[in-house]
Amino acid sequence: MGDSASLRGRHWFEALTDGVSPLPGGIPSVLAADIPLGSDRARVIAVVPDPTNRLPRARQGEIGIDEGWAIARRVREAIDGSGRPILAVVDVPSQAYGRMEELLGIHLACAAAVDAYATARLAGHPVVSLVVGNALSGAFLAHGYQANRVIALDDPHVSIHAMGKAAAARVTRRSVADLERLGQEILPLAYDVASFAKLGLLHELIGGVDADAPSPADVARVRERIVAAIADARQGPPDLSSRRRSAAAQQNRAASIAVRAGLAAEWD
């Protein structure tokens, strides 16, 4: 496992599950457990680095073929008609863009994970994502973005974005420094989570928590906010419309919302 692999996802999974053993079976890079959470029994799922993974990209915590199918399995296991919550602990640096993964259909594996989360949400299972590190690229689409409510730690190393900085620099033929400068002028290009929150896509940004080494008080506070997010999700529709109704979204994504409304009107 390289030096860059983040262990935040594992640390927060272990902190929130608090000694509950992961469910048997599955693969080492996708952890799942059923834990008491408020008055519920929730399914918690995290993707973590696996230094012995047969596919190199997954050794760094990226979501590859095995991870996509494993997430889908763990989510679908929890769809039992009880309405129990599903919590995605998110620290995923990327979708695994390896040659082998592309040949074997990583798009299908990631789509299976997306479909499982959306099916659970629409079936009345509140889905909450807790972003504790990176939530980048197709990895976040597959693990976390389908949640009714997305909450994140307010920490300098938490980032939610369509593409990592280095990849975005290659695609746009700009330097990373150029992208960082543009991020200060153009909100959607920024990589810090506080700027992302201004787009109205986050339910809550949790500050004052040590993201790398959370204390028991930190864990208790985050657990409390997760329970609150679950309760809030149960009060709203099972779709993702809350992301368009927030004041921040109305202010900073007005054009996107107008285009979406126009397309919907034409479609109807």
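Q: Why is Arg 181 called partly exposed in this predicted model?
A: Arg 181 has a relative accessible area of 39%. Partly exposed residues lie between the limits of under 20% for buried and over 50% for exposed, so Arg 181 is partly exposed.

Q: Why does Glu 185 count as exposed?
A: The relative accessible area of Glu 185 is 56%. The cut-off for exposed is over 50%, and Glu 185 is therefore exposed.

Q: What makes Arg 181 and Glu 185 a salt bridge?
A: Their closest N and O atoms are 3.7 Å apart. The definition asks for a side-chain nitrogen of Lys or Arg within 4 Å of a carboxyl oxygen of Asp or Glu, so the pair qualifies. Both residues belong to helix α7 (residues 176–185), where being four residues apart separates them by about one helical turn.

Q: Why is Ile 160 called buried?
A: Ile 160, in strand β6 (residues 159–161), has a relative accessible area of 3%. Buried means under 20%, so Ile 160 is buried. Among the residues that Ile 160 touches are Val 131, Phe 140 and Leu 202.

Q: How do you know that the charged end of Arg 243 sits over the ring of Tyr 145?
A: The charged end of Arg 243 is 4.4 Å from the ring centre of Tyr 145. The distance limit is within 6 Å, and the charge must also be within 35 degrees of the ring normal. The pair is listed as a charge over a ring.

Note on methods:
Residues are numbered from 1 along each chain as its sequence is written. This is a predicted model: local features need pLDDT of at least 70, side-chain atom pairs count only at pLDDT 80 or more; totals for chains, interfaces and linings use all residues. Side-chain values use heavy atoms; hydrogens and water are left out. Helices (H or I, at least four residues) and strands (E, at least two) are DSSP runs, numbered from the N terminus. Buried means under 20% relative accessible area, exposed over 50%, partly exposed in between (1.4 Å probe, protein chains only). Contact means heavy atoms within 4.5 Å. Lists of a residue's contacts leave out its neighbours within four places in sequence.
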